Amino acid sequence: KRIQTYRKESGFEITDRITVVFSDNETLKAAVEEHKEYIAAQVLANEIRFADITSDTTFDFDTFKVDVDITKN
């Protein structure tokens, strides 16, 4: 849901394909890897990956925060 909200707030078109890069976080990585295909299909992501990044955009979960970089392809 956070990715969809980001897409809307950033003015992406509904058909725009994206790349999502999260900062490294083992908790999120385990969940994303388990459901990666479903998530990618829902948010129209060509790629979802984890990397050592710092971003101005942060997703705040209950027990941790993750930087995220979402770009149009």
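How do the residues of the lining of the largest pocket divide into nonpolar, polar and charged? They come to 12 nonpolar, 3 polar and 2 charged, where Ala, Val, Leu, Ile, Met, Phe, Trp, Tyr, Cys and Pro count as nonpolar, Asp, Glu, Lys and Arg as charged, and the others, Gly among them, as polar. Keep in mind that this is a predicted model, so local features need pLDDT of at least 70 and side-chain atom pairs count only at pLDDT 80 or more, while totals for chains, interfaces and linings use all residues. Residues are numbered from 1 along each chain as its sequence is written, and side-chain values use heavy atoms, with hydrogens and water left out.

**Overall build**
- The protein has 3 helices and 4 strands, taken as DSSP runs numbered from the N terminus (helices are H or I, at least four residues; strands are E, at least two).
- Reading from the N terminus, the order is α-β-α-α-β-β-β.
- The radius of gyration is 12 Å, close to the 11 Å that the globule rule gives for 73 residues, so the protein is as compact as a globular protein of that length. That radius is taken over C-alpha atoms, and the rule is 2.2 Å times the number of residues to the power 0.38.
- Along the principal axes, the C-alpha atoms fill a box of roughly 30 × 25 × 20 Å.
- Of the contacts (heavy atoms within 4.5 Å) with a separation of 6 or more, 67% are between residues 24 or more positions apart.

**The largest pocket**
- This pocket holds about 350 Å³ of space. A pocket here is an open set of points on a 1 Å grid over the protein atoms alone, where a 1.4 Å probe fits, with protein on both sides within 12 Å along at least five of seven lines; lining residues have an atom within 4 Å of a point. Grid points are joined across faces, edges and corners, and the volume is the space filled by probe spheres set on the points.
- There are 17 lining residues, and Lys1, Arg2, Ile3, Ile39 and Phe61 are the closest to the centre.
- Helix 1 (2-9), helix 2 (26-34) and helix 3 (36-43) each give two or more residues to the lining.

**The core**
- In this protein, 36% of the 73 residues count as buried, meaning under 20% relative accessible area, with exposed over 50% and partly exposed in between (1.4 Å probe, protein chains only).
- The largest nonpolar core has 17 residues, and Ile3, Ile18, Val20, Phe22 and Ile70 touch the most other members. Such a core is a set of buried Ala, Val, Leu, Ile, Met, Phe, Trp, Tyr and Cys residues joined through side-chain atoms within 4.5 Å.
- At least two core residues come from each of strand 1 (18-23), helix 2, helix 3, strand 2 (45-51) and strand 4 (65-72).
- Leaving aside neighbours within four places in sequence, Ile3 is in contact with Ile18, Val20, Phe22, Val43, Phe59 and Ile70.

**Residues to look at**
- Ser23 sits in strand 1 and is buried, with a relative accessible area of 11%. Not counting residues up to four places away in sequence, Ser23 touches Phe50, Ala51, Ile53, Val66 and Asp67.
- Asp60 is in strand 3 (residues 58-60) and is partly exposed at 46% relative accessible area. Asp60 and Arg2 are 58 residues apart in sequence, yet 9.5 Å apart in space, C-alpha to C-alpha.
- Leu44 lies in the loop between helix 3 and strand 2. Leu44 has a positive phi of about 60° although it is not a glycine.
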